[in-house]
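This report is for a reader who is meeting the structure below for the first time.

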Amino acid sequence: MAETPNPSLFRRLQRLFSTDVIIRNVGGNQLKVIDTDKLQSVGNLQNNSRVDRFSRLYGTGTTTAYNNGQLLQATRMEVFRDYEAMDSDSIISSALDIYADECTAKDEFDDTLTIVTSNERIHKVLHNLFYDIINVEFNLWPWIRSTLKYGDFFLHLHISEKYGVTNVDPISVYEMIRTEGLDPENPNKVTFRRDLSLGGSTSSILYRRETDSEEYENFEIAHFRLLTDTNFLPYGRSLIEPARKVWKQLTLMEDAMLIHRIMRAPDKRIFKIDIGNIPPAEVDSFMEATINKMKKIPFMDESTGQYNLKYNMQNILEDFYLPVRGAESGTTIETTPGLQHDAIPDIEYLRNRMLGSLKIPKAYLGYEEDTTGKSTLSSQDFRFAKTVERIQKIIVSELTKIAIIHLYAQGFQDEEIVDFSLKLTPPNTIYEREKIELWTSKAGLAQTLVEQRLFSKYWCYENIFNIPEDDWLREQESIAKGEKEFFRLEQIKTEGNDPSKSGQSFGTPHDIAALYKGDGGVPSGYDEKEVPVGGWKGAGRPEELGTYMTHEHPMGYDPFGRKAFKAARNISELSKSNGNGGLIKHKATLESYDKHQAVNQTYKSETEGSSLLNEENILEE
């Protein structure tokens with residue numbers, strides 16, 4: 001029998017899952033609805049009088065419950081056996097693997113399942129549930145594959161007071177029966193029954209106890225089901241169900257092709273043997289002797305147990321031997337080709353139909369050699385990604401039910417048990433790239449309209465991005481907060497100052513402008529009102545004039561010889577002139593030259609007898 005939780009917890013969980021949906025007030029007039037039984041999408045079975053796809057039976061009389069009779073279960077078992085055979089096909093098996101891989105892909109943080117909540121305690125509890133107790137990183141892949149294969153998957157939850165879900169056990173779809181709509185007082189009540197006699201396996205027989213049936217409450221079983229067709233209710237429809245008929249046709253066509261190629265493909269030879277003038281009564285013996293000489297087929301003689309070399313007329317690989325008669329006829333050997341029958345186009349037609357029902361691009365399975373058409377592949381990939389996304393929503397819905405049970409058993413109440421959301425990693429990169437390109441185009445269009453002053457950015461928010469006013473006003477505040485954080489990081493990087501701790505900023509234009517005082521904006525220390533009498537020390541003209549180009553200069557009157565060179569050049573020009581006019585004209589130059597020569601003579605007389613080297617000393621030596 002199933003392990004029964006604490007009676008108090010048992011009654012509370014029954015009451016929690018006794019309604020159609022779980023509704024909690026999350027603040028003000030806002031409600032959050034968790035539809036654990038997917039009643040919002042499939043409706044109430046009590047009002048669904050549809051044809052049962054498994055047994056083709058209507059509800060009779062006043063009974064509105066779904067028919068779970070023996071005929072229905074027997075038909076389900078037959079369909080499941082077809083699914084088992086289909087799983088042995090390479091294409092079907094690869095398709096199931098690809099879907100399971102896409103649904104359990106990891107995100108950029110290497111997480112298979114993302115838990116979104118603002119409550120840190122809830123996040124910690126759910127992370128422990130999914131990654132430590134349930135181990136979704138390993139177990140979610142086979143769970144999803146089984147769900148896609150059969151359309152249903154049942155998970156038994158072990159629940160205990162204070163700890164919540166402590167363990168999970170997968171249950172075969174062959175043994176589980178879902179019943180609902182049987183209680184007139186509560187039409188939405190759902191229970192599960194495990195009938196071990198349905199599975200028929202040896203393992204099921206070994207684990208039987210006092211009875212072949214076990215009853216489970218709704219909160220004890222997590223029922224993953226693909227709700228793509230309400231006619232399969234209360235169960236889901238397998239992903240490979242649309243391909244079941246085509247798969248059978250394809251299997252028959254492939255078998256026919258193989259049989260034909262084995263039986264009819266070999267070529268045969270025709271031996272035309274000239275019998276000459278042999279009497280007609282002796283032709284048969286002559287031909288038999290000739291054939292036995294040319295070819296014999298060994299086979300085991302059952303009576304003697306020995307090999308017997310005897311001609312076997314029933315062997316399809318044997319050649320033809322024909323006697324011919326005539327003056328010009330000779331012995332010839334001809335070859336007759338095997339029967340030509342090309343079944344490849346028929347097989348490709350059926351295979352394409354089966355691939356179409358699986359909704360997987362051919363390039364993913366290696367059946368499309370030319371993948372240069374990126375637009376075509378992108379469109380096929382987009383349809384495939386949307387299918388994966390729908391499957392992920394179904395899986396997340398049942399994982400949410402498990403999370404609610406776990407939180408409720410651990411003592412979370414009211415809006416806390418719905419204060420979270422779960423997400424599986426979005427499908428493949430092409431699907432993500434198309435969404436990014438769409439947002440990039442919108443952003444470019446909005447920027448162009450705003451820069452050309454055609455529309456305001458608020459119009460772009462509402463008409464291009466379809467964001468309500470309250471949302472984009474909130475985004476503007478978030479942008480301002482982001483700018484503040486960016487400024488803080490810049491201050492830490494360039495100035496080594498954390499404004500959130502120091503309460504001030506350094507190095508900004510405002511900080512530099514604050515260093516200036518007064519109306520004129522003069523830096524401190526340069527204001528005329530602050531200058532002392534007589535000026536600042538060292539300011540103004542020097543008290544004594546310099547001695548450069550004077551006789552008091554330490555390096556002499558003309559340390560660089562510029563005046564002497566100028567006087568010499570003027571005298572040279574004077575010597576070339578004619579008449580007294582030239583002498584009068586350069587009188588001032590001569591006086592300056594004589595004065596310079598006198599100074600040099602005085603300097604020469606003072607330095608004679610010294611030990612300093614000069615040109616005359618060098619010449620004398």
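Does lysine 162 count as buried or exposed at its relative accessibility? The model is a predicted one. Lysine 162 has a relative accessibility of 60%, and because exposed means over 50%, lysine 162 counts as exposed. This residue sits in the loop that links β4 (152-160) to β5 (164-171). Its phi is positive, near 80°, and lysine 162 is not a glycine.

Arginine 453 is another residue with a positive phi that is not a glycine; the value is about 60°. Arginine 453 is found in the loop between α14 (429-451) and α15 (457-463). With a relative accessibility of 70%, arginine 453 counts as exposed.

| Residue | Phi | Loop | Relative accessibility |
|---|---|---|---|
| Arginine 453 | about 60° | between α14 and α15 | 70% |

**The chain as a whole**

The chain is made of 621 residues, and 34% of them are buried. Its secondary structure comprises 22 helices and 17 strands. Of the contacts between residues at least 6 apart in sequence, 63% join residues at least 24 apart.

**Helix α6**

Helix α6 covers residues 136-150. It holds 15 residues and spans 20 Å from first C-alpha to last, close to the 21 Å expected at 1.5 Å a residue. Its buried residues are Val136, Leu140, Trp143, Ile144, Arg145, Thr147, Leu148, Lys149 and Tyr150. After α6 comes glycine 151, which has a positive phi near 90°.

**Helix α4 against α6**

How do helix α4 (residues 90-103) and helix α6 cross? Their axes come within 9 Å and cross at roughly 130°. That angle is why α4 is described as oblique to α6. The crossing of α4 past α6 is right-handed. On the α4 side, the contact is made by Ser93, Leu96, Asp97, Tyr99, Ala100, Asp101 and Cys103. On the α6 side, Trp141, Ile144, Arg145, Leu148 and Lys149 take part. By class, the residues of this contact are 7 nonpolar, 1 polar and 4 charged. Among the α6 residues in the contact are Ile144, Arg145, Leu148 and Lys149, which are also listed as buried.

**Helix α4 against α11**

Helix α4 also meets helix α11 (residues 344-358), where the axes come within 11 Å and cross at roughly 20°. Angles under 35 degrees count as roughly parallel, so α4 is roughly parallel to α11. Here too α4 passes its partner, α11, in a right-handed crossing. From α4, Ile91, Ile92, Ala95 and Tyr99 make the contact, and from α11, Arg351, Met354, Leu355 and Leu358. This contact has 7 nonpolar residues, no polar ones and 1 charged. Tyr99 of α4 takes part in the contact with α11 and in the contact with α6.

**Glutamine 392**

Which residues does glutamine 392 contact, leaving aside its neighbours within four places in sequence? They are Glu102, Cys103, Leu424, Thr425, Pro426 and Pro427. Cys103 is one of the α4 residues that contact α6. Glutamine 392 itself is part of helix α13 (residues 374-409). Buried means under 20% relative accessible area, so glutamine 392, at 6%, counts as buried.

Terms used. Residues are numbered from 1 along each chain as its sequence is written. This is a predicted model: local features need pLDDT of at least 70, side-chain atom pairs count only at pLDDT 80 or more; totals for chains, interfaces and linings use all residues. Side-chain values use heavy atoms; hydrogens and water are left out. Axes are lines fitted to C-alpha atoms, for helices over the stretch in contact, and angles run from 0 to 180 degrees between N-to-C directions. Helices (H or I, at least four residues) and strands (E, at least two) are DSSP runs, numbered from the N terminus. Angles under 35 degrees count as roughly parallel, over 145 as roughly antiparallel, 65 to 115 as roughly perpendicular and the rest as oblique. A crossing is left-handed if the near helix is turned anticlockwise from the far one by less than a right angle, and right-handed if clockwise. Contact means heavy atoms within 4.5 Å. Ala, Val, Leu, Ile, Met, Phe, Trp, Tyr, Cys and Pro count as nonpolar, Asp, Glu, Lys and Arg as charged, and the others, Gly among them, as polar. The expected span of a helix is 1.5 Å times one less than its number of residues. Buried means under 20% relative accessible area, exposed over 50%, partly exposed in between (1.4 Å probe, protein chains only).
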